[in-house]
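Q: Could we go through this structure together? I would like to begin with one residue and then change topic.

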Amino acid sequence: MENKVLLILVDGMRPDGVMSCGSTALPDLAKKGASDFAAHTIMPSITLPCHTSLFYSVPSDRHGIFDNTWHSMVRPLPGILQASAWAGSKNAMFYNWEQLRDLGSPGNCAYSLYINLHANEDSDRLLTDAAKAYIAKAEPDFVFLYLGETDEKGHKYGWMSPEYLETVKNASACIDDIVASLPASYSVFITADHGGHGRGHGADIPEDMTIPLIALGKDFAPGSAFPHPASIMDIAPTVAKIMGFPKPEDWEGTALY
């Protein structure tokens, strides 16, 4: 495909964590495109339900995922990976939380790499380097890069703790590095699935429900803002519009440009 997309998600990354982590990488990238640092995720604000709403552009009462256990949908609908693959897209996934393997049906990814974050030190960096190398070699049309260490540190030490903020800083450096390496044909989305408070998340409160959303590419004017409030469900329709594949009629989100 002529227009390609890299979707980067940092699990558990709060917008105020981005601003407080000691790195200007993501705020600087936001100035180069469109952004909303008060975008919304869905309830329950838990990793797998939020990812399912991102990929399938429907709320949890449609896809039926309410915790971190995957099960088949009662009324199946296509997600980003299926809909783009039907249109001929070459897709790839890089992730360090195993449950995300179910986001796409078998055969919808040309390449997939899972690195266990519990068994590998600095797995966010390992995944970023692997994705960077694969993009340079194969130029896939759609790439999902998931960085899970920030959520892990939030649960262990607490959201907005020094350890948490240091991991946000590391994720920001990973993102800055891979974005700088991309060919001009790629648009980029940078977001999170949810935030967090204390040592957990899942509640309907701003700390858990507010996420950052940044988009870079020829369709996003530098320094512009998304229509507010942007939703995590709006990402899939925007990806479809950029890449040029049909938006499935069941998707409830709206393209952001």
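A: Asp 124 is found in helix H6, residues 123-138; helices (H or I, at least four residues) and strands (E, at least two) are DSSP runs, numbered from the N terminus. This is a predicted model, in which local features need pLDDT of at least 70, side-chain atom pairs count only at pLDDT 80 or more, and totals for chains, interfaces and linings use all residues. Residues are numbered from 1 along each chain as its sequence is written, and side-chain values use heavy atoms, with hydrogens and water left out.

Q: Is Asp 124 buried or exposed?

A: Asp 124 is buried, because its relative accessible area is 0% (buried means under 20%, exposed over 50%, partly exposed in between, with a 1.4 Å probe and protein chains only).

Q: And which residues does Asp 124 touch?

A: Leaving aside residues up to four places away in sequence, Asp 124 touches Asn 96, Leu 147, Gly 148, Glu 149, Thr 150, Asn 170 and Cys 174; contact means heavy atoms within 4.5 Å.

Q: New topic: at what angle do the axes of H7 and H8 cross?

A: The axes of helix H7 (residues 149-157) and helix H8 (residues 162-181) cross at roughly 175 degrees and come within 8 Å. Axes are lines fitted to C-alpha atoms, for helices over the stretch in contact, and angles run from 0 to 180 degrees between N-to-C directions. H7 and H8 are therefore roughly antiparallel (over 145 degrees; under 35 is roughly parallel, 65 to 115 roughly perpendicular, the rest oblique).

Q: Which residues of H7 make the contact?

A: On H7 they are Glu 149, Thr 150, Lys 153, Gly 154 and Tyr 157.
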